[in-house]
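Have the structure open as you read.

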Amino acid sequence: KIGRKKKMTYKNMNNQAAYDNRGEYDSNSYHSHFGYKEKNAEVSSAKKDGKLIDEYTGERIQGNEKSDLDHIISAKEIHDDRGRVLSGVRGEDLANSSENLSPTNPRTNRTKKASSMKEFLEKYGDEYTDEQKKAMLAKDSYARKSYEAKINRAYYTSKQFRNDTLK
């Protein structure tokens with residue numbers, strides 16, 4: 001809630017400094033990550049074999065059609081997440097985990113941009129069937145649960161958490 005509620009602040013100013021010094025979001029560092037490249041190679045192979053399915057719409061993507069690889073939780077959102085910074089886990093690693101990458105059509109990916117799935121569907125939900133929207137929200141929920149588990153595990157088992165708690 002830090003940054004959203006005025007009275008919520010970091011108790012350890014080193015944590016505030018870490019967030020302030022996280023650096024600017026660099027799209028290239030997220031899209032050139034080995035996890036992204038690896039998943040993109042899998043997607044290309046499946047498309048070439050005629051087996052690629054748009055994980056949001058459930059429609060087959062033909063070999064001659066364009067496809068994109070979407071960060072379900074946007075790389076920008078992950079980069080700017082205070083919890084992620086506090087946990088000390090690299091944003092590029094979290095953003096490019098297999099649970100957070102989904103092949104889809106260019107229209108969906110490029111319209112969604114850095115929006116959450118909920119925000120995206122509030123604006124563009126009429127372009128999708130109820131079944132597709134349900135699948136999209138399920139993918140988002142799964143990605144977020146996996147993401148939260150990783151940062152919680154990293155932080156709550158860390159020496160930093162122990163020290164901050166004792167102080």
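## Buried or exposed

A residue is called buried if its relative accessible area is under 20%, exposed if that area is over 50%, and partly exposed in between. Please keep in mind that this is a predicted model.

## Aromatic pairs

Six aromatic pairs turn up in a search of the whole structure. One of them joins tyrosine 25 and tyrosine 30: the ring centres are 5.4 Å apart and the planes meet at 40 degrees, so the pair is tilted. Tyrosine 30 has 2% relative accessibility and therefore counts as buried, while tyrosine 25, at 28%, is partly exposed.

Phenylalanine 120 and tyrosine 124 make a tilted pair too, with 5.4 Å from centre to centre and 35 degrees between the planes. Both residues belong to helix 8, where they are four residues apart, about one turn of the helix. Phenylalanine 120 is buried because its relative accessibility is 2%; tyrosine 124 is partly exposed at 27%. Ring pairs also bring in Tyr128, giving a cluster of Phe120, Tyr124 and Tyr128.

## Charges over a ring

Now look at tyrosine 19. Arginine 22 lies over the face of this tyrosine 19 ring, 4.0 Å from the ring centre. Arginine 82 also has its charged end over the ring of tyrosine 19, at 4.0 Å from the centre.

## A loop residue with positive phi

Most residues other than glycine have a negative phi. Lysine 113 has a positive value, near 50 degrees. Its place is the loop between helix 7 (106-112) and helix 8 (117-124). With 64% relative accessibility, lysine 113 counts as exposed.

How values were computed. Residues numbered from 1 in each chain as written. Predicted model: local features only at pLDDT ≥ 70, side-chain atom pairs only at ≥ 80, totals over all residues. Heavy atoms only, no water. Helix = DSSP H or I, 4+ residues; strand = E, 2+ residues; numbered from the N terminus. Buried < 20%, exposed > 50% of the residue type's maximum accessible area, 1.4 Å probe, protein only. Phe/Tyr/Trp six-rings, centres within 6.5 Å; stacked < 30°, edge-to-face > 60°. Lys NZ or Arg CZ within 6 Å of the ring centre and 35° of its normal.
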